[in-house]
Amino acid sequence: MRDILSFDWKAQIFLTVASATVIMWIFRLVDEFIPSIMAVIVILVLDIAPPNIVLSGFTSGSFFMALSIFGLSAVLTTSGLTYRIVINLFRFLPLSQFWHSLAIFITGIFLTPLFPSANGRIGIATPILLDMVESLGYKKKGKASTRLAIATFSGFTMFSSIFLSSKSMHFIVFGILPIQVRERFDWGYWFYAAIVAGLVLLIFYFILTQIMFHNSDKPKLSKNIIKAQYEVLGPLSAQEWAAIGGIALFALGIATSSIHKIQLPWIGFAVLYIILVLGFLSKKDFKNHVDWTFLLYLGALIGLIKTMSYLGLDTSLGNEFLWLGTYMKDNFYLFVLLLAGSTMLLRLFIPNTATVAILASVLFPIALLNGMNPWVIGFIILIMSDSWIMPYQCSYYLLFDELTGPKKLFNKKMILKFNVISVFFRIAAVYASIPFWKSVGIL
């Protein structure tokens with residue numbers, strides 16, 4: 001790696017500030033948004049980059065998308081629709097941990113290709129999860145409640161790399177593939193090529209949850225109580241209809257995006273505006289249910305990434321990984337391990353999207369020179385960049401933590417332990433896919 005003194009003064013100051021920020025995030029010395037604000041202030045005061053670059057995160061689509069998701073989540077919660085959904089799930093499912101976990105897990109997988117935002121999916125799922133756990137009466141921070149939390153988080157996020165349409169960054173990778181590769185790897189063939197990895201993740205998920213969260217807790221509910229609560233609910237209220245309409249409008253906007261060409265954040269922001277202007281979400285609820293500290297963190301973080309790109313540090317960092325190309329053709333199995341490690345290393349310092357963009361832009365040309373299919377390289381980058389160890393690395397986990405944190409229903413240490421182990425699942429999923437890719441001519 002290049003010595004910090006080899007960079008110009010502005011880059012040196014930025015690297016120093018960024019390193020201090022990351023250290024505070026890793027050791028959680030203060031809340032995540034505070035180091036972000038510190039970094040922005042120092043960069044602006046020392047004129048490291050123009051304000052329109054440093055503060056660009058607060059005008060980005062990601063910022064407004066997150067704001068929209070908080071608003072939609074608030075409508076779901078305050079309207080009582082999530083409670084109605086939970087009661088209906090209990091009516092038709094056996095009263096057991098397994099079936100409740102399986103139901104929300106499968107729902108997450110089903111919605112993954114339909115909502116191309118992990119933050120969006122988590123924002124919709126978390127209120128349902130909270131109502132479910134409280135209704136079942138499981139012990140706070142116990143294995144039963146934490147198992148439901150893992151089922152929700154994993155179902156709505158773990159299988160993102162299996163579907164082309166599950167994240168916006170997938171379209172970045174798709175867009176820089178050669179045209180002949182893009183024509184082959186449409187939505188259906190992408191799913192087909194990734195199916196073995198998805199099955200491996202699925203098998204490991206069920207094995208690990210059975211080992212880690214096996215317990216004998218019983219739901220504190222009966223079918224008679226569920227029936228009585230269902231009858232008390234009565235017909236859908238105007239707020240519930242508004243919540244349903246908001247989700248339906250959001251989904252419709254996503255499904256027809258190829259026609260109207262409106263980007264996802266502005267669809268979400270338009271839905272939020274309609275909900276607010278029609279009075280289905282009060283000023284008080286909007287203030288209380290939107291996590292403004294998370295939005296500060298997100299906006300500042302995006303600005304830091306833009307600043308890094310403005311200073312040319314992303315290109316310099318990418319050039320440090322050119323050596324991976326020497327292993328790509330000679331020893332692909334070792335290359336996979338080195339690429340996974342490099343991706344995880346980059347993820348300690350820069351967010352997911354930047355990691356994917358840097359590695360893809362560096363390694364795709366090398367793959368073509370070596371006669372390798374760049375989609376395979378892109379898929380490995382995507383599946384490994386989704387993994388994380390420290391909470392600050394994952395925006396949708398931070399969102400999940402913020403939405404569930406006030407009620408303290410789950411054991412965070414067990415969730416983080418499960419996540420660390422799942423990193424090895426992802427590597428195993430890639431290795432299991434290699435014989436399949438060779439058999440169908442992808443590799």
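Colleague: How many cavities of 30 Å³ or more does the structure hold?

Modeller: This predicted model holds 2 cavities of 30 Å³ or more.

Colleague: What makes such a space a cavity and not a pocket?

Modeller: A 1.4 Å probe fits in a cavity but cannot get out, whereas a pocket is an open set of points. The 2 spaces are therefore called cavities because the probe cannot leave them.

Colleague: What is the volume of the largest cavity, and which residues are closest to its centre?

Modeller: The largest cavity contains about 130 Å³ of space. Its lining comprises 14 residues, and F153, T157, N419, S422 and R426 are the closest to the centre.

Colleague: Which elements supply at least two residues of that lining, and which gives the most?

Modeller: Both α8 and α24 (412–439) supply at least two residues to the lining of the largest cavity. The greatest contribution, 5 residues, comes from α24.

Colleague: How does the lining of the largest cavity divide by class?

Modeller: It has 7 nonpolar, 5 polar and 2 charged residues.

Colleague: What is known of the second largest cavity?

Modeller: Its volume is about 50 Å³. The residues lining the second largest cavity are M65, S68, I69, L72, F250, G268, V271, L272 and I275. Two or more of these residues come from each of α4 and α15 (264–277).

Colleague: Which residues lie nearest the centre of the second largest pocket?

Modeller: L130, H289, E402, L403 and P406 lie nearest the centre, among 17 lining residues. The space in the second largest pocket is about 360 Å³. At least two lining residues come from each of α4 (61–79), α7 (118–136), α16 (283–289) and α23 (395–404). By class, the lining of this pocket has 7 nonpolar, 6 polar and 4 charged residues.

Colleague: Why is S166 called buried?

Modeller: Buried means under 20% relative accessible area. S166 has 0% relative accessibility and therefore counts as buried. S166 is located in the loop between α8 (143–157) and α9 (168–176).

Key:
Residues are numbered from 1 along each chain as its sequence is written. This is a predicted model: local features need pLDDT of at least 70, side-chain atom pairs count only at pLDDT 80 or more; totals for chains, interfaces and linings use all residues. Side-chain values use heavy atoms; hydrogens and water are left out. On a 1 Å grid over the protein atoms alone, a cavity is a set of points where a 1.4 Å probe fits but cannot get out, and a pocket is an open set with protein on both sides within 12 Å along at least five of seven lines; lining residues have an atom within 4 Å of a point. Grid points are joined across faces, edges and corners, and a volume is the space filled by probe spheres set on the points. Helices (H or I, at least four residues) and strands (E, at least two) are DSSP runs, numbered from the N terminus. Ala, Val, Leu, Ile, Met, Phe, Trp, Tyr, Cys and Pro count as nonpolar, Asp, Glu, Lys and Arg as charged, and the others, Gly among them, as polar. Buried means under 20% relative accessible area, exposed over 50%, partly exposed in between (1.4 Å probe, protein chains only).
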